[in-house]
Amino acid sequence: MTAPHLASPEREWEDPTSVDDVEWGVRLLAATPTHEGRDRELLRQWARRADEFGSGLEPVPSAARVIERDDGLERMLLARSTSRPPTVELYTDTLSLAEELVDARGWRAWYPPGSVRAAALAHEAVHAHLHHGPAKAALKQALGHTVLRLGRHRVAGHVAGAEEVAAHAYARTVCGLGRSPLLLTAALRAALTRPGREN
């Protein structure tokens, strides 16, 4: 889960809670390379489908070992996965800042104590699940992005950023959050990039 991957509110005065979870997904896709100039409604369609796909996934087990680090603020990371061996790095300094933001903004009903950590782990687990095999193909089919059509046959294409939207929706659902972690990620990004902040 990276903080800078997400666009900030489009206006400095915009209340981030007024932006719904699908729109945060649209903004994530719009900020992803390869989507420059894409039609906003197409991005909304993909974001909605990715959100529905992620929220509909069954719980995904994870055998990854968890390592805690404290240099996430400088990296702008909450968590990161590596595959050999399967490992999730959790950045405790960023998790602490996220918890502070939840309290400061009055979002505790959406993100109960401990849920930010749980959501980060769930997010990384579903990324590993979507990386290979049938789940990856199923997401492509759900998005409906056709890159090649031969008669009745079509080839579903990859949509950059859609897996990220799906992973956030999955974490929201399995952790019982009131809002997508995308909202909290946007708040983190704004906090970490505001002028004069010292990490």
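Tutor: Strand S3 is mostly covered, with 5 of its 6 residues buried. Buried here means under 20% relative accessible area, while exposed means over 50% and partly exposed lies in between, using a 1.4 Å probe and protein chains only. The model is a predicted one, in which local features need pLDDT of at least 70 and side-chain atom pairs count only at pLDDT 80 or more, whereas totals for chains, interfaces and linings use all residues. Residues are numbered from 1 along each chain as its sequence is written, and side-chain values use heavy atoms, with hydrogens and water left out.

Strands are DSSP runs of E with at least two residues, numbered from the N terminus, and two strands pair if DSSP finds at least two bridges between them. S3 covers residues 86–91 and pairs with strand S2, residues 79–83, in the antiparallel sense over 5 bridges. A hairpin of 2 residues leads from S2 to S3. Within this pairing, Thr 82 stands opposite Thr 87 of S3, and Ser 81 stands opposite Val 88 of S3.

S3 also pairs with strand S1, residues 65–69; these two strands run parallel and are joined by 5 bridges. Here Val 66 has Val 88 of S3 as its bridge partner.

How values were computed: Helix = DSSP H or I, 4+ residues; strand = E, 2+ residues; numbered from the N terminus.
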